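Hi,

Here is the structure I promised to pass on. Have a look at it first, and my notes follow below.

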Amino acid sequence: MNINLVPMPNEIYTDYKLFFRKNILENSIVEYDSKYSAEEYSITIDEKGAKIKCSGKAGENFAYQTLKQLEFSYSGNIPYLTINDKPAFSYRGFMIDCARHFFSVSNLKKMIDCAALFKLNKFHWHLVDDQGWRMEIKKYPLLTEKGSVRAYSNFGRDYDSNPYEGFYTQNQMKDIVEYCRKKSIDVIPEIEIPGHVSACLHAYPNLSCTDKEIPVRTHAGIFRDILCAGKEEVYEFLFNVLEEMSSIFPCEYVHIGGDEAPKDRWEECPHCSKKMESLNLMNYEQLQGYMTNRIYGYLQKKGKKAIAWNESLRGKNLEKGITVQNWREKNDECSIRASEGGKIIVSDFFHYYLDYPLGMTPLKKTYMYEPIPSALAENMKKNIIGVEAPIWTEFINDIDKMSMMSFPRLAAVAETGWTYKKNKDYKGFTHRLSYVIRMIEKTGLKYTDASQWDPGFFKSVVQVIKFAYNMYNKETLKSRKD
Ligand SMILES: [Zn+2]
């Protein structure tokens, strides 16, 4: 069955004999039935129009997206059909990095519209990093007054001598949350703990091990100045920030970072050593585990769950309840975690990072990626709760580039998230997508043309060389030694 829908519904029947000739969106009714699970829906289309059945808003929204795609592809000529549908994975996400480059609320809404089209249900909002703190926190005004501004931008070969700034007010963030809620998308805010915090430390140097003022970073990299794990004032700060975040973001998940945190400063810090000793910790990775667990404990009391990047597992003391987002391919630590009952979100950089050129990660590679490790026991496969594609923005500074890099590959990740493996098929996917992807234009965004989805060997080599060349500059290379 090849009907122009992405993601492909898990059950669909039609004999293409009779067709509905009017606007299907204007001729649909919804009937709630509690026997359906939250995201499940069914649609029957006959001479009366479309009848949707679902248990509530989420199923209704996803059914509506299916009807929108049908109306777009088959306008005035929709075959009578029956669809019974529910997702393969409960977590189907996209991440936008608004720290390296800032994207306006209206542009984010366009990206959200496109993500909703493919039934994604989690917007992971990367709001803070070394190059900018973009989330208004009223108790700590310097985070945005000082931390949202960098002196200039020097990402790879892109140099701009102008100061760069921008942040979201709490009202703007609430507006995004509400916009997403109507589309059954949860907004998961991320703050980075303990690394990737230069912008935060620029505003409040007392939160670092050294108390020294450091700049909001102007280039890409991994920086050694991180939050001190030994000072109690750091925990107080984080709890206060999370408290305010909870009033903005109702989602049960908060992402608390944890990636790429060098321990150089901790190793030289009397506060951190003292904390290690008092807790009998074996190494600094365990200190990161302790810090993450303590933040998680605070969130738990607020009725929240935490997500952390996979590096948080290194100390081998991470609380079982913390969901781990794995950005590394074939990460044994994550497979072990899942086999022991821990929850994992798959964001393998080699297949799912949308900021990489199609020459490096062609559409087929993204689509064919199987998120569940084959070695995982059958009864533990449910611990892989879903997939998420990040869009990092060191090298993406405008919305057109973002949407072109994201589409079509985000649609491929969405289909992996929604459609059962047995119903997936790459050839059918590209055929269906070549119709559906044109809906992106309606949101005012752009997408990459089908001729570039799988660029072939020679074009790929050129793209990869260009990408690697554009990534580094003198400042990036020097900062590795800072
Ligand atoms: Zn310290």
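The buried residues of helix α14 are Arg 409, Leu 410, Ala 411, Ala 412, Val 413, Ala 414, Glu 415, Thr 416, Gly 417 and Trp 418. That is 10 of the 10 residues in α14, which spans 409-418. Buried here means under 20% relative accessible area, exposed means over 50%, and partly exposed is in between (1.4 Å probe, protein chains only). Helices are DSSP runs of H or I with at least four residues, numbered from the N terminus.

A word on the source: this is a predicted model, where local features need pLDDT of at least 70, side-chain atom pairs count only at pLDDT 80 or more, and totals for chains, interfaces and linings use all residues. Residues are numbered from 1 along each chain as its sequence is written, and side-chain values use heavy atoms, with hydrogens and water left out.

Next, the loop between α14 and α15 (426-436) holds Lys 422. Lys 422 counts as exposed because its relative accessibility is 69%.

Cys 228 sits in the loop between α5 (198-203) and α6 (232-248), and Cys 269 in the loop between α7 (264-267) and α8 (270-279), so the pair ties together parts 41 residues apart in sequence. Both Cys 228 and Cys 269 are buried.

Cheers

Conventions: Helices (H or I, at least four residues) and strands (E, at least two) are DSSP runs, numbered from the N terminus.
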